[in-house]
Amino acid sequence: MPNTKTNWTENLKRLGCLVAFLCFAVVVAGFFAPLQSRGARAERLCQKGLAAYEAKDFETAAKYYKEAAEQGNEKAQFNLARCYAKGEGVEKDQGEAVKWIRKAAEQGFGAAQSELGLCYECGFGVEQDYAEAVEWYKKAAEQGVKDAQILLASAYGLGRGIEQDDEAAFKWMRKAADQGDDLAQFYLATFFRDGRGVQQSDENAVKWFKKAAEQGNVDAQFWYAWHRYHGIGDKKDEKEAAKWWRKAAEQGDAESQNRFGFCCLGGKGVEQDMEQAVDWFRKSAEQGFSAGQFSLGLCLYEGIGVEKDTSAAVDLWRKAAEQGLEGAKEHLKNFADQGDAEAQKALDELEKGE
């Protein structure tokens with residue numbers, strides 16, 4: 001199994017300061033006629049603000065949002081907070097942003113509760129407090145807010161702000177995944193793959209990787225392809241693997257570009273095409289991916305699908321070796337032992353750097 005894209009904990013950490021502005025729920029005003037009238041007016045103001053915002057008239061949007069927010073409209077409070085957070089139509093002000101997020105959150109607006117949790121997690125406008133972040137994530141997650149469910153799962157998985165609990169992490173990630181969130185589906189697949197908080201199941205891992213992959217999640221596309229190529233969790237299918245590595249490669253994933261390059265090189269699931277293989281290796285290498293650099297170096301050194309260029313090949317292997325790719329260093333040693341002066345020079349430079 002490749003050693004990239006595998007660290008579940010590191011992947012969860014990437015969720016830490018995820019900033020997501022959610023769709024707005026319709027909230028019914030109070031029961032008494034005067035309150036209904038006031039609530040309806042605030043709602044109209046909020047809608048005017050939304051129309052202005054969509055037209056990129058941020059100053060007008062902020063004006064309407066503020067008027068509605070001061071009348072207690074939680075959606076307007078949330079939107080006004082966004083304006084202050086991003087400096088759209090008003091001067092950027094973290095304190096004001098948090099003030100209005102809190103007002104909406106305290107009224108029970110799920111999206112605002114999730115965002116307030118993020119403020120505490122990231123220290124945005126408030127002192128960083130992981131435990132307080134978790135409390136707000138819980139409130140939003142229990143209302144079905146997908147982002148909050150993911151972030152709460154992350155907190156449980158990392159033991160950040162709450163006692164570490166893989167089963168609870170799985171539970172909340174499953175809730176978000178069941179709502180169709182591709183990120184949650186991807187992480188849920190890793191829970192099944194690694195047997196964290198649930199019985200290990202390659203079959204279930206593949207199922208959830210596929211669900212996320214079909215929504216365009218690039219990491220899921222890579223892993224679904226990997227499982228199908230190796231026949232783990234589902235029958236081996238090189239054509240299916242090549243198809244999904246190509247999808248991820250076309251989204252710019254460097255590891256998938258390298259993998260699909262090898263499919264082209266060896267005719268695995270696609271028609272053999274040396275030149276296309278080189279093109280994909282080059283795309284991967286240009287992103288600094290060590291395995292892509294190594295692969296492109298092999299083609300250049302041997303003149304496979306491209307004009308032979310041993311100097312460029314050696315330089316690529318040196319770059320890959322500097323990133324810790326042992327295979328690249330071994331190739332430099334092998335060619336240096338065969339009397340390749342450029343390989344010897346690159347090896348000497350590499351060893352000096354160590």
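## The model and its confidence

The structure described here is a predicted model. Its mean pLDDT is 91, and 89% of the residues reach 70 or more. Residues 17–35 have a pLDDT below 50.

## Overall architecture

The protein contains 19 helices and zero strands. Of its 354 residues, 46% are buried.

The contacts also show how parts of the chain are brought together. Among contacts between residues at least 6 apart in sequence, 51% join residues that are at least 24 apart.

## Aromatic pairs

A search of the whole structure finds 18 aromatic pairs. A pair of aromatic rings is described by the distance of the centres and the angle of the planes. For F222 and W223, the ring centres are 5.2 Å apart and the planes stand at 90°. An angle over 60 degrees counts as edge-to-face, so the pair formed by F222 and W223 is edge-to-face. Both F222 and W223 are buried.

F222 also pairs with W245. Here the centres are 6.3 Å apart, the angle between the planes is 50°, and the pair is tilted. This pair links distant parts of the chain, 23 residues apart: F222 belongs to helix α12 (residues 218–230), and W245 belongs to helix α13 (residues 238–250). Both F222 and W245 are buried. Ring pairs link F222, W223 and W245 into a cluster together with F186, Y187, F209, W226 and Y229.

## Charges over rings

A second case involves K283, whose charged end sits over the ring of W280 at 5.6 Å from its centre. K283 is located in helix α15 (residues 274–286). Its relative accessibility is 40%, so K283 counts as partly exposed. K283 and L296 are 13 residues apart along the chain, and their C-alpha atoms are separated by 9.4 Å.

## Cysteines

A disulfide is a covalent bond between the sulfur atoms of two cysteines. How many disulfides does the model contain? The count comes to zero.

C263 illustrates this result, for it is in no disulfide. The nearest cysteine sulfur to that of C263 belongs to C264 and is 6.8 Å away, whereas a disulfide requires sulfur atoms within 2.5 Å. C263 has 2% relative accessibility and therefore counts as buried. C83 is buried as well, with a relative accessible area of 0%.

## A residue in a loop

K56 has a positive phi of about 65°, although it is not a glycine. K56 is placed in the loop between α2 (33–54) and α3 (58–70). Is K56 buried or exposed? With a relative accessible area of 65%, K56 is exposed.

A213 lies in helix α11 (residues 202–214). It is buried, with a relative accessible area of 2%. Leaving aside neighbours within four places in sequence, A213 is in contact with A220, Q221, Y224 and W244. One of these residues, Y224, is 11 residues from A213 in sequence, and the C-alpha atoms of A213 and Y224 are 7.2 Å apart in space.

T310 is in helix α17 (residues 310–322). Its relative accessible area is 25%, so T310 is partly exposed. Not counting residues up to four places away in sequence, T310 touches L300, Y301 and E342. T310 and A343 are 33 residues apart along the chain, and a distance of 9.0 Å separates their C-alpha atoms.

Notes
Residues are numbered from 1 along each chain as its sequence is written. This is a predicted model: local features need pLDDT of at least 70, side-chain atom pairs count only at pLDDT 80 or more; totals for chains, interfaces and linings use all residues. Side-chain values use heavy atoms; hydrogens and water are left out. Helices (H or I, at least four residues) and strands (E, at least two) are DSSP runs, numbered from the N terminus. Buried means under 20% relative accessible area, exposed over 50%, partly exposed in between (1.4 Å probe, protein chains only). Contact means heavy atoms within 4.5 Å. Rings of Phe, Tyr and Trp (its six-membered ring) pair if their centres lie within 6.5 Å; planes under 30 degrees apart count as stacked, over 60 as edge-to-face and the rest as tilted. A charge sits over a ring if NZ of Lys or CZ of Arg is within 6 Å of the ring centre and within 35 degrees of the ring normal. pLDDT is the predictor's confidence in each residue, from 0 to 100.
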